[in-house]
Amino acid sequence: MTVAEEHEAVVRRRLAAWTGATRKLSRGPVAGTLAERLDQLAREGAEAYDLSDWTDTYGNRVVAELERRTAETLGTEAAAFFPTGTMAQQVALRCWAGRTANRTVAMHPLAHPEQWERDALSQLTGLRVVHPTQAPRMPYDSEVRALREPFGTLALELPLREAGFLLPDWDELTATVAVARERDAVVHFDGARLWECAPHFGRGLPEIAELADSVYVSFYKSLGGLSGAALAGSAEFIEETTTWRHRYGGQLFQQWPAALSALAGLDRELPRLPEYVARAKEVAEALRAGCTAAGVSWVRIQPEVPHTHQFLVWLPYDAEALTEAAVRTAEETGVALFRIWDHAGLPGIAHTEVLVEEPGLAWSTAEITAAVVDFLSRVR
């Protein structure tokens, strides 16, 4: 067996274990076979859109309806669908650089374009990035004010995933945005998961989006869509971004499966996100109690009280051992409490992301605590 075949076998085993589990906290990013996902799309899509309509061609019909619904939900003049969030943000920041005549973007070093896009901002667009802070949290207004050079755009990731899905409080956010305006910069929200931020801020999505000049949102994060993203903002700005969308290769012939699943997610998941966020706080406490009951001397949950329905957990074990224990637990008991664990940069410590969705509502806190104890008993 080749290395590639061995890797594929490992992936398939994990997918089978986690998909087949009867108790879990979330659906997971890949839930089911092709046949099962097609059946789900037809079933849920029929509730969100008229399936007797024709498929889209280069972004009309169902895609256009998704753009309309997105703009309406965020309270913006317009929105444009993009096949990926990476493309959407590249286009937005490029357009703002042209409009502000400044190719410098201020953003956190843990932001998605810095961590996961292979230096695309500089390689494709010639933009450069400055960091208001190195701390694993959102930048303060004082740090944005203290930047020693002009910047055309301040990009804020809400929530900041790599730091534990962290959010500032409302006053901190508005103060930071105000400082960017004082410095004649525009504000762009990397809001891939903006949908889940409303409970923490105590504000509706239109009030949050109104702070920024442009907003990016994802449809497969938070909403459970197949793929895809959108940029939202003024009609004039969105029209410009669609030109660059075409130039970047994002004007796909047909995108109806992604658009249909996104519409279903807006109907199904968006209204339930406040419930998931509240439940995540209880799950975090239950996980902490389970580690204590299992005799684990050190555990870190970040943030201690989750800001959204996602958070990070660190444990003093090897990542491979924790991932294997998660797979074995799912195979042997049907319980999928955790999934992939990653090294945290220190020997013997690993971390994972915990996501709480509809399946996590069915567990009592006592059941979650007991599941943690059982999981830890399987760590070798």
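Is L231 buried or exposed? The model is a predicted one, and in it L231 has a relative accessible area of 0%. Because buried means under 20% relative accessible area, L231 counts as buried.

**Surroundings of L231**

L231 belongs to strand β8, which covers residues 229–233. Leaving out residues up to four places away in sequence, the residues that L231 touches include A78, A79, A80 and F82. The list of its contacts also includes A88, V91 and A92, as well as H188, V215 and Y216. I238 and T241 are among the residues touched by L231 too.

**The chain as a whole**

The protein chain contains 15 helices and 13 strands. Its radius of gyration is 21 Å, close to the 21 Å that the globule rule gives for 380 residues, so the chain is as compact as a globular protein of that length. The C-alpha trace spans about 60 × 55 × 45 Å along its principal axes.

Of the 380 residues, 52% count as buried. Among contacts with a separation of 6 or more, 74% are made by residues 24 or more positions apart. The chain exposes about 17,000 Å², and 53% of that area is supplied by carbon and sulfur atoms.

As to charge, there are 37 positive and 52 negative side chains. The centres of these two sets lie 2 Å apart.

**Cysteines**

How many disulfides does the count come to? The count is zero. A disulfide would be a pair of cysteine sulfur atoms within 2.5 Å. C197 is buried, with a relative accessible area of 0%, and C291 is likewise buried, with a value of 4%.

**Backbone features in loops**

The bond from L158 to P159 has omega near -5°, and P159 sits in the loop between β5 (153–157) and α8 (170–182). The bond that joins Q302 and P303 has omega of about -10°; P303 is placed in the loop between β9 (300–302) and β10 (310–315).

Positive phi values also occur in residues other than glycine. Y58 has phi near 55° and lies in the loop between α2 (34–48) and α3 (62–74). D119 has a phi of about 60° and is found in the loop between α5 (112–116) and α6 (120–125).

**Partly exposed residues**

| Residue | Class | Relative accessible area |
|---|---|---|
| D119 | partly exposed | 43% |
| P257 | partly exposed | 26% |
| R272 | partly exposed | 27% |

P257 is located in helix α12, residues 256–268. Apart from neighbours within four places in sequence, P257 is in contact with L41 and L226. P257 and G225 are 32 residues apart in sequence, and their C-alpha atoms are separated by 9.1 Å.

Where does R272 lie? R272 is in the loop between α12 and α13 (273–293). Not counting residues up to four places away in sequence, R272 touches E358 and L361. R272 and E357 are 85 residues apart along the chain, with 8.6 Å between their C-alpha atoms.

**Summary**

In this predicted model, L231 of strand β8 is a buried residue, and the cysteines C197 and C291 are buried as well.

Conventions:
Residues are numbered from 1 along each chain as its sequence is written. This is a predicted model: local features need pLDDT of at least 70, side-chain atom pairs count only at pLDDT 80 or more; totals for chains, interfaces and linings use all residues. Side-chain values use heavy atoms; hydrogens and water are left out. Helices (H or I, at least four residues) and strands (E, at least two) are DSSP runs, numbered from the N terminus. The radius of gyration is taken over C-alpha atoms; the globule rule is 2.2 Å times the number of residues to the power 0.38. Buried means under 20% relative accessible area, exposed over 50%, partly exposed in between (1.4 Å probe, protein chains only). Contact means heavy atoms within 4.5 Å. Accessible areas come from the Shrake-Rupley method with a 1.4 Å probe; for residues, only the protein chains shown count as cover. Lys and Arg count as positive and Asp and Glu as negative; His and the chain ends are not counted. The place of a charge is taken as NZ of Lys, CZ of Arg, CG of Asp or CD of Glu.
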